[in-house]
Amino acid sequence: MTSPQHPGSRPASRIPVVIVGAGPAGLTVGNVLRAAGIDCLVLESETRAFIETRPRAGVIEEWAVRGLEQRGLAANLLARADRHTACAFRSEGEQHRFPYTQLTGRHHFVYPQPLLVTDLVREYADVRGGAVRFAVRDVRLHDVDTDRPSVSYVCPETGARQVVHCDYIAGCDGARGASRAALPADRVRVARHDYGIGWLALLAEAPPSADCVLFGLHPDGFAGQMPRSPEVTRYYLQCPPGDDPENWPHDRVWEQLQRRLAVTGAPPLTQGPLIEKRVLDMHDYVVEPMRHGRLFLAGDAAHLVAPIAAKGMNLALHDAFLLADALTALVRRDPDGPRAADAYSQACLRRVWDYQEFSQWLSEVYHGSATGDPFRAGTTLARLRRLFTSPVAAAAFAEQYLGTADRY
Ligand code: RFL
C-alpha cells in the first residue's frame, strides 16, 4: 500500500517502531524494546478490557517461560502457574499416562493466556511507559518496502485517520490482522494445510477431572481435557468442520465428553456450566519469508498452527524474542543489526515447521480412530503403542511435546 493521503488527517508523528496487535507476540516485543529504551507504539483493534479477558491458550513450554523470565516478564506467571509433569492418552477404556518430566526433567507451565496478556499490558503500559492505542479502527500499513514506512488508523474518539511514520513495523496482529495482507503476493509463499475436521472448543466452569492433560481417542471422535485453573477447565470435542455450536447443547456436550474420555474404574468427569463454546476449523498456514522490507511478521500473523499440540502461543513468543532483539540492534544501529534482521525469518521458521510437523503427527493419533477406516485406526494404535513400549520413541515424543530440541 502506498503513502496515505487523507484530507484533514492530523500532522504525522514519527516513532522508531510501530507494533500492530497487543497479543502475546506484540506485547512481548514492546516490552523488550521499552526495556532497551526504544520508543514504540502498539496499535490494538480491541479494548484493553477485551484482550485481558479473551480466553485462548494455557499451556506454555518451559523454554518460553524462561525466555519471559530473562526479560523480566514472568514474575506473576512463576508465582501462579501450575507445573504439569505428565499427559495421558485414554483409549478403549484404558488410560496410558506419559510422565514426560520423569523422562526429561522438563515440565509444562499452565497459565491462561488472558492472565499473561494482562501481565504484559500492565508491564508495557503502566511500568515501562510504552505507548498504546486501544480500539483503533481500519489499520493500514504503507510503504513497507521503503525506508519511510508508516501505519495509519482511524482514531476511535474522533473518527479521524491518524498517520504514524516509523522506521520499522512489527506485524503482530494475529490470524485476521492487516499486516499479512500488506505483503506483496508475488514476494511471499503461503503454505496451507486443512485437516478437514472441526473441534468444538469449550470452557467449563468446573474443576479438572484429572491432574493432567487428557487425550481421548475414540471412534466417535477425539476429546481432550486441558486443566486451566482449579475453577475452569478447557475441553475439546471433535466435530464436523463448520458445525454450529448450537448443535451442541449442554447435555450432548457432557454425554460425549463422558463417553470419549471414559476409563474403566475412573469416576465420571466433574460437570459444570459451559462458559465458552465455539467451533474451530482445524487448519495451519505458514508465510515465508516472515519479513518484507521494513515489515516483520510475528506470531499468528505469520503462521497458524491448529491447537492440536498447544504450540501457537509458544511460537508467537519465540518469534517475539528474536524480533525484539533484531529490532533493538537495528534501531541502535549496531553493526550486527542488518544480519540479525536478515536471519530473523529463517530462525523462526525452523521451530515453526518442526511444530507444524509434530501437530500433523499428533493429529493422526488423535483422529485416526474416528475415521471409520480400520487401516488408519490400526496405525493410530500402533503409534500409541510405540510411545509406551519404545524408550527411543518416548524420548522423541517428549522432546517435541516440550519443544526442547537443540536444533531450534
Ligand atoms: P493474537 O493473540 O491473536 O494477538 C493479535 C492481536 O492483534 C489484534 N488485532 C489487530 N490490532 C490492530 N489492527 C488490526 N487490524 C488487528 N487485527 C487483530 C487482536 O485483537 C489481538 O489482540 O496473536 P499472537 O500475539 O501472535 O499470539 C498467538 C496466540 O494467541 C495463539 O497462537 C494461541 O492462542 C494458540 N493457542 C494455544 N497456543 C499455545 O501455545 N498453547 C495453548 O495451550 C493454546 N491453546 C490456542 C489454544 C488457540 C485457541 N484458539 C482460540 C484458536 C486454545 C484455543 C482454543
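Helices (H or I, at least four residues) and strands (E, at least two) are DSSP runs, numbered from the N terminus. Q113 has its place in helix α6. The structure is a predicted model, in which local features need pLDDT of at least 70 and side-chain atom pairs count only at pLDDT 80 or more, while totals for chains, interfaces and linings use all residues. Residues are numbered from 1 along each chain as its sequence is written, and side-chain values use heavy atoms, with hydrogens and water left out.

Confidence was examined at the outset. The pLDDT is the predictor's confidence in each residue, from 0 to 100. Its mean over the protein is 95, and 97% of the residues reach 70 or more. Over residues 5-11 the pLDDT is below 50. In the model, this stretch has six contacts beyond near neighbours in sequence, a contact being heavy atoms within 4.5 Å.

Helix α6 spans residues 113-127 and has 15 residues. From its first C-alpha to its last it reaches 20 Å, close to the 21 Å expected at 1.5 Å a residue. The expected span of a helix is 1.5 Å times one less than its number of residues. The buried residues of α6 are Q113, P114, L116, V117, T118, D119, L120, V121, Y124 and A125. Here buried means under 20% relative accessible area, exposed over 50%, and partly exposed in between, with a 1.4 Å probe and protein chains only. Q113 counts as buried because its relative accessibility is 8%. With neighbours within four places in sequence left aside, Q113 is in contact with P24, R56, A57 and M313. G129 follows α6, and its phi is positive, near 70°.

Sheet pairing was considered next. Strands of a sheet pair through backbone hydrogen bonds, either parallel or antiparallel. Two strands are taken to pair if DSSP finds at least two bridges between them. An open sheet of three strands has the order β3-β7-β4, and its pairing is antiparallel. β3 (59-61) and β4 (82-84) stand at the edges. Each has a single partner strand, so one side of each is left without a neighbour in the sheet. The twist averages 35° from one strand to the next. Axes are lines fitted to C-alpha atoms, for helices over the stretch in contact, and angles run from 0 to 180 degrees between N-to-C directions. Three bridges join β3 to β7 (residues 108-110), and the two strands run antiparallel. I60 has F109 in β7 as its bridge partner.

Strand β13 covers residues 213-217. Five of its five residues are buried, so β13 is largely enclosed by the rest of the structure. β13 pairs with strand β5 (residues 87-91) in the parallel sense over five bridges. Within β13, L214 stands opposite A88. β13 is also joined by three bridges to strand β14 (residues 223-227), and these two run antiparallel. The bridge partner of L214 in β14 is Q225. β13 and β14 form a hairpin with five residues between them. G221, in the turn, has a positive phi of about 135°.

The cysteines were then checked for disulfides, a disulfide being a pair of cysteine sulfur atoms within 2.5 Å. The count comes to zero. The closest cysteine sulfur to that of C40 is in C172, 11 Å away, which is too far for a bond. C172 is accordingly in no disulfide. C40 is buried, with a relative accessible area of 3%. C172 counts as buried at 6% relative accessibility.

Two further buried residues were examined. S359 is found in helix α9 (residues 337-367). It counts as buried at 0% relative accessibility. Leaving aside neighbours within four places in sequence, S359 is in contact with Y195, V305, A306, I308, A309 and K311. A74 is found in the loop between α3 (62-70) and α4 (75-80). A74 counts as buried at 3% relative accessibility. Not counting residues up to four places away in sequence, A74 touches V65, L68 and E69. A74 and H318 are 244 residues apart in sequence and 15 Å apart in space, C-alpha to C-alpha.
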